[in-house]
Amino acid sequence: MKIIRSRQELNEYLQLEREAGHSVGLVPTMGALHPGHITLIDRSVSENDTTICSLFVNPTQFNNEGDLTNYPRQEEEDFGMLRAASCDAVLVPEAAEVYPKGEDPGIHAIDFGFLETIMEGKHRPGHFRGVGIIISIFFEWVQPNRSYYGEKDYQQLMVIQELNRRKNYGVDVIGCTTVRESDGLAMSSRNLRLTPEQRPHASLIYQCLKDASERSGKDSIETIYASVAEVFSSDEVMDLEYFEVADADSLKPISDWSEASRWVACTAAFAGEVRLIDNMVLNP
Ligand code: AMP
C-alpha cells in the first residue's frame with residue numbers, strides 16, 4: 001500500500017493510474033478505522049482498479065474544540081487495517097497543505113440551505129460547511145470516479161450528493177449500509193471514548209430506532225417521540241439531543257406518516273461527553 005503524504009506524491013500516483021486507464025475509488029475518513037470503514041474500502045476495491053483512502057481529521061468540520069482535540073488518532077493501526085483490506089493507497093495530507101496559510105477555506109464552501117438548518121446542521125453549526133470544504137478539496141485533488149460514504153451519516157451523505165450535483169464533479173457518490181456492533185450500536189470511532197460503564201447504555205439509541213421502525217405507520221409519530229423521551233429520561237447515562245422522523249428523500253421533518261412515502265428516524269445522544277449519532281429508514 002502506497003502511503004501518500006503530499007499533493008505532489010498524490011499527483012505522481014494518480015498520473016500512473018490514469019495512464020494505465022485505471023478507475024479510482026476514494027474513501028474519505030478521519031481515521032481510527034473500524035469494520036464500518038472497512039466495508040467502504042471493500043466496496044471500493046471491488047468496484048475500482050485503485051482505491052485511495054484518506055485519513056484526515058478535518059479541523060473545519062469540528063464545531064467543538066474538545067471533540068477535535070480528543071478525536072482518536074492511530075495511524076499505524078489504520079495502515080494495518082487498510083493493508084489487510086487490500087487498499088491501494090492511503091492519503092495522509094498535512095493540514096498546512098490542505099489549508100495553506102493565507103488562503104480562506106471558505107472559497108471552497110457552498111451553502112447547503114435547508115440541509116444545514118436541521119438535525120446535525122442545526123446542532124453542529126458550521127459542520128456541513130466544513131464537510132463541504134474538505135470533500136471539495138479532495139474531489140479536486142483526486143478526481144475520483146466513485147466515492148463511498150456510510151449511511152450512518154445519513155445527512156452527510158445527502159450533503160455530499162448535493163455538493164457533487166451543485167459543483168458538477170460528476171463523481172458517483174455511493175452510500176453503504178451501517179455496520180453495527182452485536183447489540184446494535186452503530187460502529188463509530190467515537191465509541192473508543194466510551195467507558196466500560198457507559199458502553200452498554202449506548203445501545204439504547206439502536207433500541208429506540210428499532211422500536212420506531214416496528215411502530216412506524218401504526219402508532220402516531222408524537223407517541224413515538226414521547227416513548228423515546230421517556231426511555232432516555234429513565235436512563236442514568238444517556239442524554240438525548242434530538243430524535244426526529246423525516247422524509248427519507250428530502251429530510252423534511254414530518255408529523256404524520258402520510259406526509260412522505262419513505263421515512264427515516266435520525267437521532268443524536270450523549271453518553272457523558274461522547275456524542276453519538278444514528279438513523280434508520282423505518283420502511284426500507
Ligand atoms: P468518519 O471517519 O467517521 O468520518 O467516517 C468515514 C466514513 O465512514 C463516512 O462516510 C462514514 O459515514 C463511514 N462510516 C462510519 N461509521 C460507519 C458504520 N458504522 N457503518 C458504515 N459506514 C460508516
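Author: Phe-128, Val-131, Gly-132, Ile-135, Ser-136 and Phe-139 of α7 meet Gln-155, Gln-156, Val-159, Ile-160, Leu-163 and Asn-164 of α8, where contact means heavy atoms within 4.5 Å. By class, the residues of this contact divide into 7 nonpolar, 5 polar and no charged. In that division Ala, Val, Leu, Ile, Met, Phe, Trp, Tyr, Cys and Pro count as nonpolar, Asp, Glu, Lys and Arg as charged, and the others, Gly among them, as polar. Helices (H or I, at least four residues) and strands (E, at least two) are DSSP runs, numbered from the N terminus.

The model is a predicted one, in which local features need pLDDT of at least 70 and side-chain atom pairs count only at pLDDT 80 or more, while totals for chains, interfaces and linings use all residues. Residues are numbered from 1 along each chain as its sequence is written, and side-chain values use heavy atoms, with hydrogens and water left out.

Two packed helices are described by the angle between their axes and the distance between the axes. For α7 and α8, the axes come within 10 Å and cross at roughly 50°. Axes are lines fitted to C-alpha atoms, for helices over the stretch in contact, and angles run from 0 to 180 degrees between N-to-C directions. The two helices α7 and α8 are therefore oblique to each other; angles under 35 degrees count as roughly parallel, over 145 as roughly antiparallel, 65 to 115 as roughly perpendicular and the rest as oblique. The crossing in which α7 passes α8 is right-handed, a crossing being left-handed if the near helix is turned anticlockwise from the far one by less than a right angle, and right-handed if clockwise.

Helix α7 also packs with α1, at an angle of about 50° and with the axes 10 Å apart. The pair α1 and α7 is therefore oblique as well. Here Arg-7, Leu-10, Leu-14 and Arg-18 of α1 meet Glu-140, Trp-141 and Val-142 of α7. The residues of this contact comprise 4 nonpolar, no polar and 3 charged.

Not counting residues up to four places away in sequence, Val-142 touches Leu-10, Leu-14, Arg-18, Val-24, Leu-26, Ile-52 and Leu-91. Together with Ile-52 and Leu-251, Val-142 has the most contacts inside the largest nonpolar core, a set of 44 residues. A nonpolar core is a set of buried Ala, Val, Leu, Ile, Met, Phe, Trp, Tyr and Cys residues joined through side-chain atoms within 4.5 Å. Buried means under 20% relative accessible area, exposed over 50%, and partly exposed in between (1.4 Å probe, protein chains only). At least two residues of the core come from each of α1 (7–19), β2 (24–29), β4 (89–91), α7 (127–142), α8 (154–166), β7 (238–247) and β8 (263–271). The most is given by α7, with 10 residues. A second, separate core has 28 residues, including Ala-212, Ile-221, Val-237 and Leu-276.

His-108 lies in the loop between α5 and α6 and, at 13% relative accessibility, counts as buried. Its contacts, not counting residues up to four places away in sequence, are Glu-103, Gly-132, Ile-133, Ser-136, Ile-137, Glu-140 and Lys-167. Gly-132 and Ser-136 are also among the α7 residues that meet α8, and Glu-140 is one of those that meet α1. Pro-100 is found in the loop between α5 (95–98) and α6 (119–123); with a relative accessible area of 29%, Pro-100 is partly exposed.

For a further helix pair, one may turn to α9 (residues 204–215) and α10 (residues 221–233), which pack at an angle of about 160° with their axes 11 Å apart. These helices, α9 and α10, are therefore roughly antiparallel to each other, and α9 passes α10 in a right-handed crossing. Leu-204, Ile-205, Cys-208, Ala-212 and Arg-215 in α9 meet Thr-223, Ile-224, Ser-227, Val-228, Val-231 and Phe-232 in α10. This contact of α9 with α10 has 8 nonpolar, 2 polar and 1 charged residues. Ala-212 is also one of the residues of the second core.
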